[in-house]
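Q: Could you walk me through this model before I plan around it? I'd like to go region by region.

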Amino acid sequence: MRIILLLACLVLPVALQGCAERRIPAEFQAYADTPYALGAGDRLRVIVFGQDSLSNSYAVESSGNIAMPLIGSVHAAGRTPTQLAGEIEARLRAGYVREPRVSVEVEAYRPFFILGEVTTAGQYPYVNGMSVETAVAIAGGYTPRARKDDAQLTRTEGARTVTADVPVNMQVRPGDTIFIPERYF
């Protein structure tokens, strides 16, 4: 009887481990609540009201800047669209336009990347509000050897890169890299 009880005490925690809720890293939880920060590869629509020659689409270059007429290079990476609009307004107000009103919106987000056990790994356009599971569907679905209950997600914010195992319902951000591992059985 004691041996059965001892075996039950040893096996039960291992069996219940799969039922435990997966902890999402604090960096990912904090990042999910922050406004979208622009980055290299984003395409922006900048509208300067009353100045049609300044209103245009601009790509955020690998340096993190956009190049605009009159004011030149403006640093966009790491800023929200609202912060970038404020910077453009301030520069235009300094001798170019009397009372500038600027609006910045993201026209196209930078792509995400998916690797591992998916049908067609590669780079894909980001779809707003997507999860890891949606990204797998965009990449053609899982291969027969794929582990389907979790994935590895790599996210870079500023100079910091974080990689963690996440559930498939985890939200993906532009620029994320998803890796679908191979299952063991």
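The chat below goes through confidence, a sheet, a loop residue, charged pairs and a hairpin.

Q: What sort of model is this, and how are residues numbered?
A: This is a predicted model, in which local features need pLDDT of at least 70, side-chain atom pairs count only at pLDDT 80 or more, and totals for chains, interfaces and linings use all residues. Residues are numbered from 1 along each chain as its sequence is written, and side-chain values use heavy atoms, with hydrogens and water left out.

Q: What pLDDT does the protein average?
A: The average is 85, and 82% of the residues score at least 70, where pLDDT is the predictor's confidence in each residue, from 0 to 100.

Q: And where does pLDDT stay under 50?
A: That is residues 5-20, for which the model has one contact beyond four places in sequence, a contact meaning heavy atoms within 4.5 Å.

Q: OK, the sheet. What is the strand order?
A: The order is S7-S6-S10-S8-S9 in an open sheet of five strands with mixed pairing. Strands here are DSSP runs of E with at least two residues, helices are runs of H or I with at least four, and both are numbered from the N terminus; two strands pair if DSSP finds at least two bridges between them.

Q: Which are the edge strands?
A: Strand S7 (122-124) and strand S9 (160-167) are the edges, since each of them pairs on one side only. From one strand to the next, the twist averages 20°, with axes taken as lines fitted to C-alpha atoms and angles running from 0 to 180 degrees between N-to-C directions.

Q: How many bridges join S8 to S9?
A: Eight bridges join strand S8 (residues 150-157) to S9, and the two run antiparallel. Thr156 stands opposite Thr161 in S9.

Q: Switching to Val172: is it buried or exposed?
A: Val172 counts as buried because its relative accessibility is 1%; buried means under 20% relative accessible area, exposed means over 50%, and partly exposed lies in between, using a 1.4 Å probe and protein chains only. Val172 is found in the loop between S9 and strand S10 (177-180).

Q: Which residues does Val172 touch?
A: Not counting residues up to four places away in sequence, Val172 touches Phe112, Tyr126, Met130, Ser131, Val132, Arg155 and Ile178. Val172 also lies 9.1 Å from Thr134, C-alpha to C-alpha, although 38 residues separate the two in sequence.

Q: Now the charges. How many salt bridges does the count come to?
A: The count comes to ten, under the rule that a side-chain nitrogen of Lys or Arg lies within 4 Å of a carboxyl oxygen of Asp or Glu.

Q: What does Glu107 form a salt bridge with?
A: Its partner is Arg43, with the closest N and O atoms 3.9 Å apart. The pair links distant parts of the chain, as Glu107 is in strand S5 (residues 102-108) and Arg43 in strand S1 (residues 43-48), 64 residues apart. Glu107 is partly exposed, with a relative accessible area of 43%, and Arg43 is likewise partly exposed at 35%.

Q: And Glu87, which residues does it meet in salt bridges?
A: Glu87 meets Arg79 at 3.9 Å, N to O, and also Arg91, where the closest N and O atoms are 3.0 Å apart. Glu87 and Arg91 both lie in helix H3 (residues 81-93), four residues apart, or about one turn of the helix.

Q: Where is Glu89, and what does its side chain reach?
A: Glu89 is in helix H3, and its side chain reaches the backbone nitrogen of Val102 at 3.0 Å. Glu89 is buried, with a relative accessible area of 18%, and, not counting residues up to four places away in sequence, Glu89 touches Pro100, Arg101 and Val102.

Q: Last one: which residue in the hairpin of S3 and S4 takes a positive phi?
A: Leu70 does, at about 70°, although it is not a glycine. Leu70 is found in the loop between strand S3 (65-68) and strand S4 (72-75), and this hairpin has three residues between the strands. S3 and S4 pair in the antiparallel sense over four bridges, and the bridge partner of Ala67 is Ser73 in S4.

Technical notes:
Polar contact = N/O pair within 3.5 Å; in protein donor to acceptor, adjacent residues only side chain to side chain.
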